[in-house]
There are 2 protein chains.
Amino acid sequence: MRIVVLTGGIGGARFLVGVRAHAREIGADVTAVVNVGDDVRMHGLQICPDLDSVMYTLGGAADPERGWGRVGETWVVKEELARYAAEPTWFGLGDKDTATHLVRTTMLNAGYPLSAVTAALCARWQPGITMLPATDDRLETHVVVDVEGERKAIHFQEWWVRYRGDVPTHRFVFVGAEAAKPAAGVLEAIGNADVVLVAPSNPVVSIAPILAVPLLKETVLDGPAPVVGVSPIIGGAAVRGMADRCLATLGVEVSAAGVGGLYAGRTDNGLLDGWLVDTADEGTTIPGVTTRAVPLWMTDEAATARMVAAALELAGVA
Amino acid sequence: MRIVVLTGGIGGARFLVGVRAHAREIGADVTAVVNVGDDVRMHGLQICPDLDSVMYTLGGAADPERGWGRVGETWVVKEELARYAAEPTWFGLGDKDTATHLVRTTMLNAGYPLSAVTAALCARWQPGITMLPATDDRLETHVVVDVEGERKAIHFQEWWVRYRGDVPTHRFVFVGAEAAKPAAGVLEAIGNADVVLVAPSNPVVSIAPILAVPLLKETVLDGPAPVVGVSPIIGGAAVRGMADRCLATLGVEVSAAGVGGLYAGRTDNGLLDGWLVDTADEGTTIPGVTTRAVPLWMTDEAATARMVAAALELAGVA
């Protein structure tokens, strides 16, 4: 069986740990198509937060406390940059992370596409799945906000890390998306998939930027594989991150029904065949979408693997 | 009084500590014109070993034990790069150093010339002198060597750091020198100088690449300021570094007379008006050059300042 997962960073990475565990059990191949909208160049380094979260988590090197970056991280480079007053000073650039960014940036500057760079980095981390960026082209999520009385578009990282999303926010723009092509391997993976899972990532700034790549979205919608999403909202609250703030910006209810409705069913020109919600949200209905309620708390690998099994069952491929 | 010093890295940096001390005493301005031949781009970072040695030393942040780099340096980035098998693995890229290189590379990539970048970095380090790279253009010292039975040109850093100069060595090539222009401010500094000092740096790979910039050399030779050199050789041995290996490659005797003869006097179309040698080398004569012998061991700032006073005296400007 071939499983494709559309995914963002931290929540998606935890979900992928369960996907990998279940896939090993049933002998399936897994390809993660990872959001690049958070990617940003800072201090000359190309930083890919979601790809790194997935890579470090599956490589067993993620910091479980902080939720992002490397375990045992040190901060000498960041402190030194601050002493040079080098902007931005609000970004958490760890020393170990810096080495990853140096390798990536050097390869990108030498002309390798991000997908090839990611494969090269994964030679070290052995994530046990195929990791693909959604696109090799520039695609950045910018946020239209009011800061100090001025309306402007800032990079998603600035919105999230610097302002914690706590500024008047009007909309999200996926810069470059319209011209972006799916990264090498993405269309093949989706075209050959037996099932496409949508990880319980932020629908607005993790999943939407992936689907903002026109040919990628088309291939998911037109492809033969059933699409099953896993709700990132449990009992009306985001499990992690800022899905609530993002959904509010779009005027979408912070609920399993709200996100499911945002993705929408195939008959409504939407994404989903199935929608997996938490038992707390049992009874959620989305027009044209089969829903099922199971425990969605990713407390450990086994619990997450059970969610994945339920998603595959819902897709009719278990 | 305006003092210009042509200088390389570590030995030159120590010399400059004495120049600065003496200049403060007599109320003189100091401009260091620093070798860039050792500069190299590694892991996408523009590394300027000599500029950094001078900047860190005068900024009070150099490691006195190791002789290069930052005191209290850590090595996380380097270890991580090695785990990615990112070449080259033989270069000592410290974490603190990495921040300097990130700031520099970001500014260079944004279009600022190296002289402006150096000034920006010095805003933090306050070296107390003006630091100028010899050129803002690309100028790299490469070394023609035999490695594994093959004759090839390698970067000076590879020759020095990786091979410790211990390979059959044929010659040094200053790539880009012929087309290089003096950096912003260099010609003005030399033209307005009351005296030009040649630091006791490696004559072959620290001073020669500076003078390989045609207009820079011309301005020193044709300028009104007397030129006094300080011997890097005491009693037939290099005080530090690999001047002996470099001189041997050129077939020049490792002695105060050998180096003085290499620089040569004005009447021989050379550089020097005066040549300061150690008391161990008293009696050294260079045609057309006034020599004087004083203690040249830079044991501390005061001893080095006395050397500088003697050099100014020899130049007739004290």
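**Entry 1: chain B against chain A**

I looked up salt bridges first, and the rule finds 4 of them across the interface of chain B and chain A; the rule asks for a side-chain nitrogen of Lys or Arg within 4 Å of a carboxyl oxygen of Asp or Glu. I note that this is a predicted model, in which local features need pLDDT of at least 70, side-chain atom pairs count only at pLDDT 80 or more, and totals for chains, interfaces and linings use all residues. Residues are numbered from 1 along each chain as its sequence is written, chains are lettered from A in the order in which they are written, and side-chain values use heavy atoms, with hydrogens and water left out.

I checked B:Arg124, which forms a salt bridge with A:Glu80; the closest N and O atoms are 2.8 Å apart. I then listed the elements that give two or more residues to the side of chain B that touches chain A: α2 (49–58), α3 (76–83), α4 (95–109) and α5 (114–125) of chain B. Helices here are DSSP runs of H or I with at least four residues, and strands are runs of E with at least two, numbered from the N terminus. α4(B) gives the most to that side, with 8 residues. I sorted the residues of that side of chain B into 13 nonpolar, 6 polar and 6 charged.

I recorded 25 residues from chain B and 25 residues from chain A in the contact, taken as heavy atoms within 4.5 Å. Chain B and chain A bury about 2000 Å² between them, 68% of it on carbon and sulfur atoms; this is accessible area (1.4 Å probe) lost on putting the two parts together, summed over both. In chain B, the residues that lose the most area to chain A are B:Tyr84, B:Leu102 and B:Arg124, together 35% of what that side buries.

**Entry 2: the domains of chain A**

I took the bounds from an automatic or database domain assignment: domain 1 of chain A is 2–137 + 178–315, and domain 2 is 141–175. Their C-alpha centres lie 21 Å apart. I find 19 residues of domain 1 in contact with 17 residues of domain 2.

The two domains of chain A bury about 1500 Å² between them, 70% of it on carbon and sulfur atoms. In domain 1, A:Trp90, A:Met242 and A:Thr249 lose the most area to domain 2, together 39% of what that side buries.

I looked for salt bridges here too, and the rule finds 1 across this interface. A:Arg245 and A:Asp166 meet through their side chains in a salt bridge (3.7 Å, N to O). I noted β3 (40–42), α8 (203–211) and α10 (243–250) of chain A as the elements that give two or more residues to the side of domain 1 that touches domain 2.

Notes:
Ala, Val, Leu, Ile, Met, Phe, Trp, Tyr, Cys and Pro count as nonpolar, Asp, Glu, Lys and Arg as charged, and the others, Gly among them, as polar.
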